[in-house]
Amino acid sequence: MNVKKLLLPLALLLPLTATAQSISSAQIEQFKQLPRAQQEALAERYGVDLDSLGSASQGANQRPQQVNVVEPINSITDQERQQARAKQQEDEEQAQAEKNGGLKPFGYDLFAGSPTTFAPVTEIPVPTDYTLGPGDVLRVQLWGKENQNLELPISRDGSISFPDSGPMNLAGLSFEEARQQIRKRVSEQYIGVEAAVTLGELRSMRVFVLGEARNPGSYTVSSLSTITNALYVSGGVKQNGSLRNVQHKRNGKLVGTLDLYDLLLKGDSSADNRLQPGDVIFIPPVGKRAGIEGEVYRPALYELDGENTLEDLVSMAGGLTPQAYPQRINIERTNEDFLRIIAEADYTASKGRNATIKAGDRVRIPSISDITGQYIEVKGAATRAGKFAWVPGMRVSSILQSLDADLMPTADKRYAAIVRTDRQTDSISVLNLRLRAAIQKAGSNEDLQLEEKDRILIFSDAGKVQGGEQGGNYTRESLFAPVLQRLKAQAKPGAPQQTIRISGPVRYPGEYPMPASRSLADAVFVAGGLKDSASLYQAEIARYTQDESGIGQTRILNVDLADAMAGQSSFKLQSRDTILIKSIPQFAKTRTITLEGEVRYPGEYTFREGETLKEVLQRAGGLSSNAFPAGAIFTREKLRQLEAQRLREAEERLQGDLLGVQLQGDSFGGQNTERVQQVEDLLEDVQNSRPIGRMVIDLAAVLNDESYQQVRLQDGDQLIVPTIPQSVSVFGEVQFPTSHLHQPGLTVDDYLQRSGGPTRQADENRVYVVKADGSVMLPERSRWFGGRSQQLEPGDTIIMPIDVDRLNQLELWTNVSQIVYQMALGAAAVGNL
């Protein structure tokens, strides 16, 4: 509804607000449909009393309209107000927690998330001593000679209008007294009629919440409201307000106090008195506080009430947990010299429990130590890792009884380690455990006896772990890391560091604790065993020793690995030995060459070390009758990598040249734009080119000429033998780059003329011919050519290069263009097969 439409009716109402009797109900209803904030804004602007408008619409026998809880007059929504309060409360709590070392004051979360308004439950039995007042509604049920239900509101003068009997003054009477008077009047004035009196709607009243309330002010609440109801209305108590001394005042005098700790800790609400109109709830600043942390159920800051003892504080914190160590409780406090000191109290003694707690004290309840004896521990890829009771004589099979039920699917079931602590020296040692044998052969020598505080490490098998599967983190490296750190820390003269390092073709190379047996076979077993690529011929041991003068040096020892693994070697490992397991040379290394095209049996062939191209072609049955050996394309991976590097270098230099040409402006007679376009085209050709890795060979000579250098093969080589061609191609700066049918007797110039001749950018003096085998011939300089009248062979390609002298003599362009053309020719030859 538009507010402007109400201005005229509201202006007409202004002179009548004193009596509020001539205001029509339609105008009042129209005004009530506005939001509350707009009602209050208009009422404040025009001086309208909202209470009088509400009472004007009520008849003499109607109870006054229930007034909602008073809200501040502003334009923000309830949601925005609630968010602002929550943010403010969160900031206050965070500041308090940081100030007090992480401890939060106790009890203030009672009002967390409190609503913006509060309506206490009214559908409850009304106490007989409840005092009636204006706004209350009495429900009277008459039965007997006459049956009638009456609702009688108490008017402002404190009376009710009884039918056919006149007014009856009830204000100030208790509910029980009013009930007796009504029954008496009914019995006197109505013969044969009895009455039952109950309370209907209750009146509202205005109270004040002041002091350290979160939102102090005046609030309208139900007549059954108590002190805690009013606190909810105001949003609760600030963290700097007292929870133990909430004061209830009436007419300037203290009526009572409420200790919210009694409500929170004991559930005692006896001091939560009901309010009367005009009462004041005053929240004073918080009193002395002390903090308690550690092994209690409710660590927090607690407000003290007079003289408190350590026992009182522990009781407020919910008592000690079973893990508490009560004999040495720390009390941190400030002494007379304003220094923080630490005192101790024995809570098991009466003197300690009665120790006085002062303001600012911080009590810490320590915890008992972890289990210190009579246990063994299982760690790693076990389904039930943790600590277990130890009894003398127990073995590994007493804890791990099944490879499937007691171990994770990813566990390494071959090997585990036992970390043992010496009770006399507190040093540790590591025993190797053949896990499968220990579980399957219970009671055997492999099923080692356990001692107190032994730790069994179960490792994961990398070959069984897939993705983020559980147990994948229990690697040898992670579980052995603290063990290795401890072994290194306990090393000293006469007791060297008991670690070794193993590398090479083992499953888990790395650093490990020294095996108790000091055998090389056990060291390999700890590392997961040998791979199939390991050479059993010889292992190399690098050993750190000292010479006669005490200078450290490294010795290299060679050990027969086959004997060591068979248990036939007496060799013993020493501290810091580094074991190198050697690999079988060229193990499982295959070298292949791909034969394609006009080969009798094409395919991918594996060749021996040092084998030549001729030998592989003979294995492939040689060339077919349609083969054109002069045009064979032989590519090599290493050359392909070199060409890719040359392309990258050419691209970088061309980009620099392009920038230089762009910066030169039109210093070449307005041809700069054309030169820039030509460089950009060449740069695009370079970027689109793909390296081929072609090596020029004479395949016919390879097969037939014994004096021709044989081509020793490398892994990844490829030979493509095309069919006999019939064309001669013309590329470069000619009018129509294309291929022509080879005709005997035609020369270079003839083929150039058949392609329309050179373009304006062509360099006619540098024409060259790329032969079918990939070699390049310059007709002008070749002693075999008489000018450019040399006749060509099928498969040859004529290249008309660009005239780089016209373009500022950039030598790089010539080289780059040759690279691009050669690669294009190779790619075209491959694609035409």
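Are Tyr415 and Phe459 buried or exposed? Both Tyr415 and Phe459 are buried, where buried denotes under 20% relative accessible area, exposed over 50%, and partly exposed the range in between (1.4 Å probe, protein chains only).

1. Basis of the note. The model is predicted: local features need pLDDT of at least 70, side-chain atom pairs count only at pLDDT 80 or more, and totals for chains, interfaces and linings use all residues. Residues are numbered from 1 along each chain as its sequence is written, and side-chain values use heavy atoms, with hydrogens and water left out.

2. Overall composition. The chain contains 21 helices and 37 strands; these are DSSP runs numbered from the N terminus, helices being H or I of at least four residues and strands E of at least two. Of its 833 residues, 42% count as buried. Among contacts in the chain with a separation of 6 or more, 63% are made by residues 24 or more positions apart; contact means heavy atoms within 4.5 Å.

3. The sheet containing β6 to β10. Five strands form an open sheet with mixed pairing, in the order β7-β6-β10-β8-β9; two strands pair if DSSP finds at least two bridges between them. Because β7 (217-222) and β9 (253-258) stand at the edges with a single partner strand each, one side of each is left without a neighbour in the sheet. The twist averages 30° from one strand to the next, with axes taken as lines fitted to C-alpha atoms (for helices over the stretch in contact) and angles running from 0 to 180 degrees between N-to-C directions.

4. Pairings within that sheet. Strand β6 (residues 204-211) runs parallel to β10 (residues 280-283) and is joined to β10 by four bridges; here Phe208 stands opposite Val280. Strand β8 (residues 246-250) is antiparallel to β9, with five bridges, and also pairs with β10 in the antiparallel sense over three bridges. Gln247 faces Thr257 in β9 and has Phe282 as its bridge partner in β10. The hairpin of β8 and β9 has two residues between the strands, and Asn251 there takes a positive phi near 55°.

5. The charged end of Lys249 sits over the ring of Phe282, 5.2 Å from its centre. This description requires NZ of Lys or CZ of Arg within 6 Å of the ring centre and within 35 degrees of the ring normal.

6. Aromatic pairs. The whole structure holds seven aromatic pairs; rings of Phe, Tyr and Trp (its six-membered ring) pair if their centres lie within 6.5 Å, and planes under 30 degrees apart count as stacked, over 60 as edge-to-face and the rest as tilted. Tyr415 and Phe459 form a stacked pair, 5.6 Å centre to centre with 0° between the planes. Tyr415 belongs to strand β20 (residues 411-421) and Phe459 to strand β22 (residues 455-460), so that the pair links distant parts of the chain, 44 residues apart. Ring pairs join Tyr415, Phe459, Phe480, Tyr512 and Phe525 into a cluster. The ring of Phe459 also has the charged end of Arg476 over it, 5.3 Å from its centre.7. Nonpolar cores. A nonpolar core is a set of buried Ala, Val, Leu, Ile, Met, Phe, Trp, Tyr and Cys residues joined through side-chain atoms within 4.5 Å. The largest has 42 residues, and Ile292, Tyr302, Leu310 and Val363 have the most contacts inside it. Apart from neighbours within four places in sequence, Leu310 is in contact with Ile329, Ala345, Tyr347, Gly352, Arg353, Ala355, Ile357 and Val363. A second, separate core of 35 residues includes Ala523, Leu561, Leu573 and Ile581.

7. Ala542 lies in strand β25 (residues 534-546) and counts as partly exposed because its relative accessibility is 22%. Not counting residues up to four places away in sequence, Ala542 touches Thr554, Arg555, Ile556, Arg576, Asp577 and Thr578. Gly360 is found in the loop between β16 (356-357) and β17 (362-365); with a relative accessible area of 40%, Gly360 is partly exposed. The C-alpha atoms of Gly360 and Glu332 are separated by 8.5 Å, the two residues being 28 residues apart along the chain.

8. The sheet containing β33 to β37. Five strands form an open sheet of mixed pairing in the order β34-β33-β37-β35-β36. Its edge strands are β34 (738-741) and β36 (776-777), each pairing on one side only. Strand β35 (residues 768-770) pairs with β36 in the antiparallel sense over two bridges, and Val769 stands opposite Met777 in β36.
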